[in-house]
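User: I would like to learn how to read aromatic pairs and sheets in a protein model. Could you take me through one example, step by step?

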Amino acid sequence: MAYTLMFYNLENLYDTIDDPKTDDDAFTPVGDRRWTRDKYLKKLENLSEIFSAVASAHNGFPVVAGVSEVENLKVLQDLVSQKRMSGAHYKCLHFESNDARGVEVGMLYRPDKFTLMGCEPVKLVLRSGREYIGRDILSAWGTIDGEMFAFYICHFLSRRAGVAASE
């Protein structure tokens with residue numbers, strides 16, 4: 001049997017609430033992006049349209065979808081509660097990491113197809129022995145039709161500041 005798996009960068013899926021522990025100020029109504037509830041709801045609608053299109057093209061929603069650039073578990077729950085995605089009955093996985101902007105990875109899975117057996121964040125340790133300051137890897141494992149699968153969802157920092165800064 002064939003199953004669809006997917007990875008998608010949700011490109012800064014932030015709510016509108018300032019989290020004092022992260023640098024998410026741009027994604028508030030008074031921030032640089034003037035991130036309002038209407039903009040947030042429109043983004044959720046647009047993203048749900050993507051998942052719906054994938055479902056139409058592949059005879060059903062992906063069994064597992066790794067996602068990147070999410071702020072928290074609530075934004076994932078808001079996404080999967082969109083009308084276009086209701087048929088998937090997705091469950092959401094997310095762990096808080098130490099990313100300065102509070103942008104992380106997550107996983108959506110269909111519990112009717114994927115039986116989650118466990119999950120945990122994977123913290124990276126650099127060759128120097130210092131813990132990587134940034135996004136953790138989301139690790140999840142379970143079965144699809146009795147076959148064991150492990151998923152590792154990661155989204156490392158970009159080289160926006162240049163190669164030397166990202167090394």
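Analyst: A search of the whole structure finds 8 aromatic pairs, where rings of Phe, Tyr and Trp (its six-membered ring) pair if their centres lie within 6.5 Å, and planes under 30 degrees apart count as stacked, over 60 as edge-to-face and the rest as tilted. Please keep in mind that this is a predicted model, in which local features need pLDDT of at least 70 and side-chain atom pairs count only at pLDDT 80 or more, while totals for chains, interfaces and linings use all residues. Residues are numbered from 1 along each chain as its sequence is written, and side-chain values use heavy atoms, with hydrogens and water left out.

User: How is the pair of Tyr8 and Phe51 described?

Analyst: A pair of aromatic rings is described by the distance of the centres and the angle of the planes. For Tyr8 and Phe51 the centres are 6.4 Å apart and the planes stand at 70°, so this pair is edge-to-face. Because Tyr8 lies in strand E1 and Phe51 in helix H1, the pair ties together parts that are 43 residues apart in sequence; helices (H or I, at least four residues) and strands (E, at least two) are DSSP runs, numbered from the N terminus. Tyr8 and Phe51 also belong to one aromatic cluster with Phe61 and Tyr90.

User: Is Phe51 buried or exposed?

Analyst: Buried means under 20% relative accessible area, exposed over 50%, and partly exposed in between (1.4 Å probe, protein chains only). Phe51 is buried, with a relative accessible area of 0%, whereas Tyr8, at 27%, counts as partly exposed.

User: In what order do the 4 strands of the open sheet stand?

Analyst: Strands of a sheet pair through backbone hydrogen bonds, either parallel or antiparallel. Here the order is E1-E2-E4-E3, and the pairing is mixed; two strands pair if DSSP finds at least two bridges between them. Strand E1 (5–13) and strand E3 (91–94) stand at the edges, each with a single partner strand, so one side of each is left without a neighbour in the sheet.

User: How many bridges join E3 to strand E4?

Analyst: There are 4 bridges between E3 and strand E4 (residues 104–109), and these two strands run antiparallel. Within this pairing, Leu93 stands opposite Met107 in E4.
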